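Subject: Structure for you to look at

Dear colleague,

Please find below the structure that I promised to pass on to you. Once you have had a look, read on for what was found in it.

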Amino acid sequence: IDLIEQLWFDRVVLILIIANSVTMALRDPLADSLPEWAVVLEWVFTVLFSLEAACKIVAEGFMFDSATSYLHDAWNWLDGITVVVSWLSLALPDAGNLSAIRSVRVLRPLRTVQRVPGLRLLIGALLHAMPLMADVVNLFLFFLVAFGIVGVELFAGEAHASPGTGS
């Protein structure tokens, strides 16, 4: 338990998350295969995140041990899912199109919310305000549709033969 409660442990995991986000951003999404450096780094990050999850599971217990068990916290669910998905995509590279599974790894930067207390409070406030914003969104959509209908009625066919379109 002492290991996962150390400040440097959180800082190292935060640096790993940022480094992993940078390497994911550096990849070419249109390339057929990943470059060798990306494959090696993906293995490194997957092993390191797995070690982090294993340390937390050993220290806190997995499921039913206490109120502080690993699966008691929803952010740990996110950590666990991303680790399992990473292992699946590495273990089954030729199992067809795994892009949907690989896209779950994009959720890794969300783990920073768990590490930075102020960010966690901000996300909680935003999520709490979402239902209250429903009326504002509905009013905006009403005006958008109303002005869209007015625009279609006013300008119907006017821009079809405008100069510069080749028509």
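Being 4 residues apart in helix α7 (residues 134-155), F143 and F147 are separated by about one helical turn; helices here are DSSP runs of H or I with at least four residues, strands are runs of E with at least two, and both are numbered from the N terminus. Before going further, please keep in mind that this is a predicted model, in which local features need pLDDT of at least 70 and side-chain atom pairs count only at pLDDT 80 or more, while totals for chains, interfaces and linings use all residues. Residues are numbered from 1 along each chain as its sequence is written, and side-chain values use heavy atoms, with hydrogens and water left out.

The ring centres of F143 and F147 lie 6.3 Å apart with their planes at 25 degrees, so this pair is stacked. Rings of Phe, Tyr and Trp (its six-membered ring) count as a pair if their centres lie within 6.5 Å, and planes under 30 degrees apart are called stacked, over 60 edge-to-face, and the rest tilted. F143 is partly exposed at 41% relative accessible area, whereas F147 is exposed at 58%; buried means under 20%, exposed over 50% and partly exposed in between, with a 1.4 Å probe and protein chains only. Together with F142, these two residues, F143 and F147, form one aromatic cluster.

A search of the whole structure finds 5 aromatic pairs, including W8 and F9, which are edge-to-face at 6.4 Å centre to centre and 80 degrees between the planes. F9, at 9% relative accessibility, counts as buried, and F9 also belongs to the largest nonpolar core, a group of 9 residues that has I4, V13 and F45 among its other members. Such a core is a set of buried Ala, Val, Leu, Ile, Met, Phe, Trp, Tyr and Cys residues joined through side-chain atoms within 4.5 Å. Helix α1 (7-26) and helix α2 are the elements that give two or more residues to this core, and α1 gives the most, with 4.

Helix α2 (residues 36-60) also contains W43, which counts as partly exposed at 38% relative accessibility.

As for the chain as a whole, there are 7 helices and 0 strands, and buried residues make up 24% of the 167 residues.

Best wishes
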